[in-house]
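Hi everyone, thanks for having me.

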Amino acid sequence: MLETCPSIAAAKPALEVHALGIGGKADPVRLVFTAPDGPAIVASLVDMGNRFRMIVNEIDVIQPEQPLPRLPVARAVWLPRPSLKVAAAAWIYAGGAHHTSFSQALTMEHLEDFTEIAGIELIRINAETRIRQFRQQLRWEEVAYTRNN
């Protein structure tokens with residue numbers, strides 16, 4: 001489910017009423033739309049106990065191959081870089097959370113600047129990510145943070 005602002009919609013969002021199916025409450029009105037194709041990022045901020053870590057995955061938004069009438073929400077279908085298998089493994093190794101932020105307006109450079117200013121560790125998952133090197137980077141990040149703080 002993508003709970004987001006309709007500013008990322010590829011076309012005019014529709015207001016639709018769909019059964020909630022839980023909690024015995026009235027069926028809600030929802031904004032339904034699909035994000036446009038193009039590059040984007042997904043990011044998650046996690047508390048590592050002794051520091052905050054922002055994990056960012058560069059992605060490519062694509063259009064769904066067929067209509068999604070049973071998914072009555074805002075949607076963005078994407079391909080993570082470098083691949084689903086590598087990106088998912090890296091996300092898990094880095095401690096990535098279930099909830100993420102999505103943006104087609106911000107870039108990795110914006111988040112690099114933000115994390116530098118805020119003193120937050122930044123972990124990048126992109127087209128060059130290789131699991132063996134990625135895991136080693138996580139080890140070095142831990143040592144560097146522990147030594148510097």
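Let's start with glutamate 58, which sits in strand 4, residues 52-62. Keep in mind that this is a predicted model. Is glutamate 58 buried or exposed? With a relative accessible area of 18%, glutamate 58 counts as buried, because the cut-off is under 20%. Beyond its close sequence neighbours, glutamate 58 touches several residues, including Ala40, Pro80 and Met108.

Arg81 is on that contact list too, and arginine 81 forms a salt bridge with glutamate 58, with the closest N and O atoms 3.4 Å apart. Arginine 81 lies in the loop between strand 6 and helix 1, so the pair ties together parts that are 23 residues apart in sequence.

Okay, on to the other salt bridges. The whole structure has six. One of them joins glutamate 142 and arginine 51, at 2.9 Å from N to O. Glutamate 142 is in helix 3 and arginine 51 in the loop between strand 3 and strand 4, so that pair links parts 91 residues apart in sequence. Arginine 51 is buried, at 5%, while glutamate 142 is partly exposed, at 33%.

Then there's arginine 53 with glutamate 121, at 3.1 Å.

Last stop, helix 1. Its buried residues are Ala87, Ala90, Trp91 and Ala94. Leu84, Lys85 and Ile92 are exposed on the face turned away.

How values were computed
Residues numbered from 1 in each chain as written. Predicted model: local features only at pLDDT ≥ 70, side-chain atom pairs only at ≥ 80, totals over all residues. Heavy atoms only, no water. Helix = DSSP H or I, 4+ residues; strand = E, 2+ residues; numbered from the N terminus. Buried < 20%, exposed > 50% of the residue type's maximum accessible area, 1.4 Å probe, protein only. Contact = heavy atoms within 4.5 Å. Salt bridge = Lys/Arg side-chain N within 4 Å of Asp/Glu carboxyl O. Lists of a residue's contacts leave out its neighbours within four places in sequence.
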